[in-house]
Amino acid sequence: MKGTRQKKVRLIVNGNTYELDVGGRPDQIQPFHTLSHTLRETLGLTGTKVSCDHGACGCCTVLMDNQAVLSCMMLTVECDGRKITTIEGLKDPKTEDLDPLQQAFIDHTAFQCGFCTPGIIMSAKALLYENPFPTEEDVKEALSGNFCRCISHYQVVKAVMSASEEVR
Ligand code: FES
Ligand code: FES
């Protein structure tokens with residue numbers, strides 16, 4: 001509308017840059033949209049899951065500038081210019097091979113229903129960026145905000161430890 005200040009939000013998601021209009025139309029990013037909503041509903045990246053939608057379960061964890069964040073607790077407009085990585089962005093862009101962490105989850109059957117798994121893998125990825133050689137206690141601490149209703153936690157710790165051992 002003439003006279004209305006146009007605003008955009010720029011997100012770099014999994015290496016792709018998106019310039020998204022902010023406004024009140026259904027096809028625009030609304031000021032109250034969360035990052036998880038934008039990833040799933042606007043960009044179609046449904047690998048990021050939403051469960052509690054209020055910061056309590058860790059399902060929606062993604063990386064922002066390589067640090068784990070809860071995407072249900074961030075407004076998209078707050079993420080302008082930030083680099084976001086979702087579970088879809090972990091595979092090798094050329095070979096499409098899975099990230100070693102993803103492969104370790106498969107090798108150790110570190111999930112059952114899998115709903116919590118993208119968030120757990122992204123939290124673990126952030127840990128390994130910061131500390132490539134964690135102890136089991138470090139892994140438990142880093143994943144303490146991620147809840148798994150299928151109680152896969154023991155296998156999850158084994159998977160993360162095994163992925164970290166691969167790079168030793
Ligand atoms: S969906 Fe974001 S923390 Fe539960
Ligand atoms: S594998 Fe089902 S909630 Fe974690």
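The helix α3 has 14 residues and reaches 20 Å from its first C-alpha to its last, close to the 20 Å expected at 1.5 Å a residue; the expected span of a helix is 1.5 Å times one less than its number of residues. Helices (H or I, at least four residues) and strands (E, at least two) are DSSP runs, numbered from the N terminus.

This is a predicted model, in which local features need pLDDT of at least 70 and side-chain atom pairs count only at pLDDT 80 or more, while totals for chains, interfaces and linings use all residues. Residues are numbered from 1 along each chain as its sequence is written, chains are lettered from A and ligands numbered from 1 in the order in which they are written, and side-chain values use heavy atoms, with hydrogens and water left out.

Helix α3 is mostly covered, since 12 of its 14 residues are buried, where buried means under 20% relative accessible area, exposed over 50%, and partly exposed in between (1.4 Å probe, protein chains only). Among the buried residues of α3 are Thr117, Ile120, Met122 and Leu128. The buried residues of α3 pack against the strands β3 (61–64), β4 (67–70) and β5 (82–85), and also against the helices α2, α4 (136–142) and α5.

The largest nonpolar core has 26 residues, and those with the most contacts inside it include Leu101, Phe105, Ile120 and Val160. A nonpolar core is a set of buried Ala, Val, Leu, Ile, Met, Phe, Trp, Tyr and Cys residues joined through side-chain atoms within 4.5 Å. At least two residues of this core come from each of α2 (100–107), α3 (117–130) and α5 (153–166), and α3 gives the most, with 7 residues. Domain 1 (7–88) and domain 2 (100–166) both give residues to this core, so it lies between them; the domain bounds come from an automatic or database domain assignment.

Leaving aside its neighbours within four places in sequence, phenylalanine 105 is in contact (heavy atoms within 4.5 Å) with residues including Phe111, Ile120, Val156 and Val160. A second, separate core of 16 residues includes Val22, Leu45, Val69 and Cys79.

Most residues other than glycine have a negative phi.
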